[in-house]
Amino acid sequence: MKVQFTEDEVKNMQTTLDRWGLNAQAGQTMEECAELIVALQKYINRTEHPTVDEILDEIADVEMMLAQMRLVLGVDDDALRKRIETKFAKLEQYLKRDGV
């Protein structure tokens with residue numbers, strides 16, 4: 001389930017960061033996360049029931065913005081992978097504690 005960006009896509013993300021800067025793109029990241037939250041909330045509450053495609057669009061926006069944040073912060077795949085492994089180890093402990 002790994003999202004891969006092409007070299008051109010990474011170049012476009014870097015150009016975006018160079019043009020608008022960290023503050024604007026960090027704000028955009030928060031906005032895209034909020035839009036995903038709203039779409040998921042509507043989906044589980046069945047208030048407007050967005051389609052899977054609409055939710056997928058929001059996930060794609062968030063993935064793109066997270067990739068930009070990784071670029072600007074200089075986070076490489078190995079560093080992120082280590083953090084993910086730490087988080088999964090914690091999750092496993094919670095699951096064991098809760099009898100799963």
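The model is predicted, so local features need a pLDDT of at least 70 and side-chain atom pairs count only at pLDDT 80 or more, while totals for chains, interfaces and linings use all residues. Residues are numbered from 1 along each chain as its sequence is written, and side-chain values use heavy atoms, with hydrogens and water left out.

Helices here are DSSP runs of H or I with at least four residues, numbered from the N terminus. Helix H2 covers residues 52–73, and at 1.5 Å a residue its 22 residues should span 32 Å, which agrees with the 31 Å between its end C-alpha atoms; the expected span is 1.5 Å times one less than the number of residues. After H2 comes Gly74, whose phi is positive, near 70°.

The buried residues of H2 are Ile55, Glu58, Val62, Met65, Ala67, Gln68 and Met69, where buried means under 20% relative accessible area, exposed over 50%, and partly exposed in between, with a 1.4 Å probe and protein chains only. These buried residues pack against helix H1 (7–45), contact being heavy atoms within 4.5 Å.

Glu58, in helix H2, is buried yet has no salt bridge, and the nearest side chain of opposite charge, Lys42, is 9.0 Å away. Lys and Arg count as positive and Asp and Glu as negative, whereas His and the chain ends are not counted. Leaving aside neighbours within four places in sequence, Glu58 is in contact with Glu32, Glu35, Leu36 and Ala39.

Side chains of opposite charge can pair when their charged atoms come close. The structure holds 2 salt bridges, each a side-chain nitrogen of Lys or Arg within 4 Å of a carboxyl oxygen of Asp or Glu. In one of them the side chains of Arg70 and Asp77 meet at 2.3 Å, N to O; Arg70 counts as partly exposed because its relative accessibility is 27%, and Asp77 is partly exposed at 43%. Arg81 forms a salt bridge with Glu85, with the closest N and O atoms 3.4 Å apart, and because these two residues are 4 residues apart in helix H3, about one helical turn separates them.

Arg70 and Asp77 return at the largest pocket, which is lined by 19 residues, with Lys2, Val3, Arg70, Asp77 and Leu80 lying nearest its centre. The elements that give two or more residues to this lining are H1, H2 and helix H3 (77–97), and H2 gives the most, with 6 residues.

Notes:
On a 1 Å grid over the protein atoms alone, a cavity is a set of points where a 1.4 Å probe fits but cannot get out, and a pocket is an open set with protein on both sides within 12 Å along at least five of seven lines; lining residues have an atom within 4 Å of a point.
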